[in-house]
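This report covers how two chains meet, how they are related, and what lies inside them. Please keep the model in view while reading.

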2 protein chains.
Amino acid sequence: TTSTIWQLLGPEQLNIQLISPAGGVGGKRRDRANMSQQAVNGVQCRGKVLTLDNMNPNVKRVEYAVRGPIVQRAVQIEKELKAGVKKPFTEVIKANIGDAQAMGQKPITFLRQVLALCSYPELLEDKKFPEDAKKRAQRILEACGGNSIGAYSASQGIECIRQDVARYIERRDGGIPSNPDNIYLSTGASDAIVTILKLLVCGEGCDRTGVMISIPQYPLYSAALADLGAVQINYYLDEDNCWSLDVKELRRALSAARQHCNPRVLCIINPGNPTGQVQSRQCIEDVIRFAKEEHLFLMADEVYQDNVYAEGCKFYSFKKVLFEMGPEYSSTVEMASFHSTSKCYMGECGFRGGYMEVINMDPEVKAQLTKLVSVRLCPPIPGQALLDLVVNPPQPDEPSYTTFMKERTAVLATLAEKASLTEQIFNTVPGITCNPVQGAMYTFPRITLPQSAIDKAKAGQAPDMFYCMRLLEEEGICLVPGSGFGQREGTFHFRMTILPPTEKLKVVLQKICEFHLRFTQEFS
Amino acid sequence: TTSTIWQLLGPEQLNIQLISPAGGVGGKRRDRANMSQQAVNGVQCRGKVLTLDNMNPNVKRVEYAVRGPIVQRAVQIEKELKAGVKKPFTEVIKANIGDAQAMGQKPITFLRQVLALCSYPELLEDKKFPEDAKKRAQRILEACGGNSIGAYSASQGIECIRQDVARYIERRDGGIPSNPDNIYLSTGASDAIVTILKLLVCGEGCDRTGVMISIPQYPLYSAALADLGAVQINYYLDEDNCWSLDVKELRRALSAARQHCNPRVLCIINPGNPTGQVQSRQCIEDVIRFAKEEHLFLMADEVYQDNVYAEGCKFYSFKKVLFEMGPEYSSTVEMASFHSTSKCYMGECGFRGGYMEVINMDPEVKAQLTKLVSVRLCPPIPGQALLDLVVNPPQPDEPSYTTFMKERTAVLATLAEKASLTEQIFNTVPGITCNPVQGAMYTFPRITLPQSAIDKAKAGQAPDMFYCMRLLEEEGICLVPGSGFGQREGTFHFRMTILPPTEKLKVVLQKICEFHLRFTQEFS
């Protein structure tokens, strides 16, 4: 019987191509009709409907290193530790992902009080909760269908929250107007980024949409471009100049790309992920001028806008700079800017809150955007509520203000301290070179690897993956190899978050340094 | 200056094709290089980067009637009412979407208590909260990174919640085993449905993946297929037999489709949306046999599994039937089943919680699926927590049990009452024919429209859209025209939810009936 054949061979040996050439990808119409007849005749060993060979090829090309093989191995090791397997360490430290609360950062009290009130409005009667938290919760609930966060919202997001976001942007940018109709709430920033990219993708062959992304990049971008079948255009950040962006390099990349695709989009991450740089105002101006000249849609990933630590560095939003360059720019350059509740001082990754502001978008395209987001109904309401509190925090005359400011300041001050600590300690080790962590939550140090280690890793594994895997097995520290973000040929890096608590971070840095020396010695 | 030109013409008149033939879609490589030079020379009036003409054509094809033009008009009317504009009604009743809490359904106390505890764990000390709610909250928090719902989870979902889901499925299906590794938590069911469709899409031209969907359908399916560029294969439900599914019709549709695409997927919604039927066990068996014979991947949308009202009807999961058909089926037929926190007795739409179970999926494809979902990091944690409570509700020996059961039963009993009421009242009116609402949350009555009304609407508008728009303007009732879901040529319907509170529902039904008579008279 069929099931016996299945049991004997196992699904991996039953391949469509082998058993029924008619049914494979590329099979002709007529063959498919025959196949159906074969089935009726009892020739049924056709293997799986869905296999690696006949699935969506774009999905196969997707890679996402931040949660790739090294993280899967880390999870496995955690289970081994739990099961009592002896290791040279007692816990796995996951410094692979910007997940603040997983690393012990406490949630901001005010945010969580309001969320509890929204979830269970009976608590509005409870004297434990401050009045301003209740006021915020009541306002959010009144804006919800049936006064409940369990109802769907408008697909673009709850209207009063979009108004609050617009006012927040106006304050941030010194009064430059923001229109709530241009605000779209989202399921984290990733959701909004993918949506805008999706709008922009069209054409085939040499006319296919090309998208410029920085190298190193945050792999959401390469993953989304693979998924959408768009052309990835790499421009390299200048490691020797603190990962700065040079417009000459943008020109080089664009000009090369014009030979084989239709470049339409320029993506910038500022403050930088994974590279931690903060762009100067001058650089942003140059980028905007370039985008205008070259007729590119600008995507500004600004989710780390509160995470600026280095002296002399300041966050300038692309929108602010755009508008200060005058109407020649502010009325023409098309742009989308992204923000999130997952980063900054909040670190509320689990709620998947975020927004984007679109600027100078064609009204007909905006209508298409609104239609597209409506298919997924709406972003999660708890995330929308959280975002409202971020853009509309306690004011000096409100009871929660002092605690809120104390908590916020403490998180950001600790991050600044850890940023500086990380740079200092790494740079004491020969073979590790680390740029200052000016902003965001990551360091992306360059590591010098001995040639014999590079050779040893050659069998299909990137040398920095080999390095990080060894570090994980020997020290229980989980980093992401630089190859997952892209890097100049022949250079090697890793990304590490600066999020572990200060004392633990010191231990982690120390262990990595010792490992590096040991590794270098072993392969020298 | 450029900005003056912009101001004079307005963006809609500045078209890429007009001003710079070189820069339009389909422009050749060399032309693009020239364009850059033109820009430098000051010829800069190139219009928008992103226009309706050069955006993603798949996105343009997307339609989602549940939030389409009629709902946009409803929102506008609400604003007009607020601004004091006089109308023949005082409020808009939105019966267009299955949004229970927006229609006044109260959240289940236990669910919201646990969510409040998870959001603000200080409440774990509060004596107001029952012990079982605290126990659930503590268990969820312990499974979260840093014991916080603000941390990311594994991309597949929190492990202990996936275990709870698997046990829930086993109980539901009378002990048929469910493996937590086959459970993927999701951002509502829509997210999971689109993900599975995405895996399955490949090929070009006659080899493009075809997906069979019922007509009438829930427009998420047609929207996702348009977005993915897959081929939609319509099979018609039998209105004369209470919207039942006949395998002969599946065969007809499949055979016709094989002429122009590669049919690989069969989607079923049971209980039905928008048609409210509940499939018999026999029908499910026939469908499974058909899927096996024709080598199709089965997608079972079972989000209304608790919403069964009609006597003699019972929900059978596709998985249960599949496994009871013996190993010849249970070890071969590939399937995904979808569930959600938005429907049933919970109606927690705003949290965007859901899961899917995949069965017999090729392990290599499963690895690709896991990789794909990792790009979006994780589904929202509050939605995951909520799902955990749905699959792991209070037990008879726990303090919240009585209240929980009372609330749950009340919701389902009221829905059953409203289902029957709806059918009865509609069927009293000549020109409205309504099948029993056996399950789900909708009625999809057929309406007879006078020929002169059909003619009047012909100018680009579907006749049932014309009808629904008139109803909205005259009575303030927002329905979705049948054309948004698909229907047999020459027939007309609308979808209405049965969710308004009973007294209000009676008024709504009465008003629709009166409107129908008036409309029929006007055009006769």
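## Interface between the chains

Chain B and chain A bury about 10000 Å² between them, with 56% of it on carbon and sulfur atoms. Buried area here is the accessible area (1.4 Å probe) that two parts lose on being put together, summed over both. The contact draws 118 residues from chain B and 117 residues from chain A; contact means heavy atoms within 4.5 Å.

Eight salt bridges cross the interface of chain B and chain A. A salt bridge needs a side-chain nitrogen of Lys or Arg within 4 Å of a carboxyl oxygen of Asp or Glu. One joins Lys198(A) to Asp227(B), with the closest N and O atoms 2.6 Å apart. Polar contacts link 46 residue pairs between chain B and chain A, both residues at pLDDT 80 or more. Such a contact is a pair of N or O atoms within 3.5 Å; within protein, one must be able to donate a hydrogen and the other to accept it, and residues adjacent in sequence count only if both atoms are side-chain atoms.

## Basis of the model

This is a predicted model: local features need pLDDT of at least 70, side-chain atom pairs count only at pLDDT 80 or more, and totals for chains, interfaces and linings use all residues. Residues are numbered from 1 along each chain as its sequence is written, chains are lettered from A and ligands numbered from 1 in the order written, and side-chain values use heavy atoms, leaving out hydrogens and water.

The same surface serves both copies: 99% of the contact residues of chain B recur in chain A.

## Domains of chain A

Chain A splits into domain 1 (2–55), domain 2 (61–104 + 405–522) and domain 3 (152–391). These bounds come from an automatic or database domain assignment.

In chain A, the centres of domain 2 and domain 3 are 27 Å apart, taken over C-alpha atoms. Between them, 35 residues of domain 2 of chain A are in contact with 37 residues of domain 3 of chain A. These two domains bury about 2900 Å², 57% of it on carbon and sulfur atoms. They share two salt bridges. Asp306(A) and Arg408(A) meet through their side chains in a salt bridge (3.8 Å, N to O).
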